[in-house]
Amino acid sequence: MRFGLLINEPPGQDPFPALRDRIARAADDGFDSVWMSQIFGLDALTSLAVAGSAALAGGRDIEFGTGVVPTYPRHPAVLAQQAMTANAALGGRLALGIGLSHQIVIEGMYGYSFDRPARHMKEYLEVLLPLTRGEQASFSGETLKADLGLSTPGTGLPVLVAALGPRMLKLAGALADGTVLWMTGRKTVAEHIAPTINAAAEAAGRPRPRVVCTLPVCVTDDPQEARARADEIFVMYGQLPSYRAMLDREGVESPGGVAVAGDEDAVRAQLDELAQAGVTDFVAAVYGDRERAHKLLIGASKG
């Protein structure tokens with residue numbers, strides 16, 4: 001299992017020095033990847049291209065992932081062009097994570113229809129994937145049309161789809177390179193995520209997909225308090241329908257129930273269980289004692 005860090009947006013008017021430092025430290029510490037969310041602050045692809053290319057100038061080597069870029073606000077050709085540009089700036093080290101976002105965001109904030117989201121994602125991939133491979137995209141669907149090619153460098157980047165339900169997992173396995181998860185625990189990965197996406201990839205004759213699992217991590221001597229703190233920090237994710245469904249599958253009431261929390265031995269055991277469940281890449285959203293958590297994760301990443 002590979003190990004990565006979720007690097008949250010630093011505060012302040014000039015966050016890029018802090019982002020560069022976080023990326024450089026993650027690479028120097030031996031992490032396999034760093035990931036950035038796309039919410040309502042910095043644009044993830046632009047930020048990774050700017051801060052990541054500066055960190056790589058020192059000879060470092062690390063993968064950069066988006067977890068995840070919403071599809072609806074950008075035509076797939078526009079996203080392909082931006083992602084390939086970022087991939088070129090990052091020396092071919094970008095993993096493009098994309099997702100539907102949520103109905104409350106897409107309809108309530110952006111004003112797009114969220115009708116039949118799986119259809120939208122399938123049509124989106126029919127345009128995005130050929131372009132990222134350097135091919136012509138010629139497609140006319142119910143919601144999207146495209147007939148163009150791009151001369152952008154940076155082709156060949158992996159595309160991962162945030163997939164939680166069966167239809168989206170089958171789509172991700174059949175067409176994309178894997179999935180990016182959030183608020184999805186060990187039991188759900190083992191019994192639902194991994195079997196569904198792996199079977200779809202096998203049926204399509206594709207390589208075994210990546211299962212990128214992002215979870216809150218806190219290394220502490222008081223796991224009960226740490227889980228209660230996770231409930232406070234991540235409370236909104238227990239209310240969004242897609243994540244609520246994953247928590248229900250896991251049999252927990254709130255985000256703290258899927259947090260990786262406890263002392264060093266307990267956290268290592270939980271990470272081992274995630275690897276056994278089918279996680280290929282674990283991405284830590286660290287909260288609490290960051291230095292203690294980083295030390296444990298560095299050790300785990302080195303085996």
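The structure holds zero disulfides (a disulfide is a pair of cysteine sulfur atoms within 2.5 Å). This is a predicted model, where local features need pLDDT of at least 70, side-chain atom pairs count only at pLDDT 80 or more, and totals for chains, interfaces and linings use all residues. Residues are numbered from 1 along each chain as its sequence is written, and side-chain values use heavy atoms, without hydrogens and water.

Are these cysteines buried or exposed? C213 is buried, at a relative accessible area of 0%. C218 is buried too, at 7%. Buried means under 20% relative accessible area, exposed over 50%, partly exposed in between (1.4 Å probe, protein chains only).

Now the core. Nonpolar side chains tend to be buried together in soluble globular proteins. Here the largest nonpolar core has 107 residues. Such a core is a set of buried Ala, Val, Leu, Ile, Met, Phe, Trp, Tyr and Cys residues joined through side-chain atoms within 4.5 Å. L96, I98, L271 and F282 have the most contacts inside this core. Its largest share, eight residues, comes from helix α5 (residues 117–132). Helices are DSSP runs (H or I, at least four residues), numbered from the N terminus.

Take L271. Leaving aside neighbours within four places in sequence, L271 is in contact (heavy atoms within 4.5 Å) with M1, F3, V260, F282, L296, L297 and A300.

Conventions:
Helix = DSSP H or I, 4+ residues; strand = E, 2+ residues; numbered from the N terminus.
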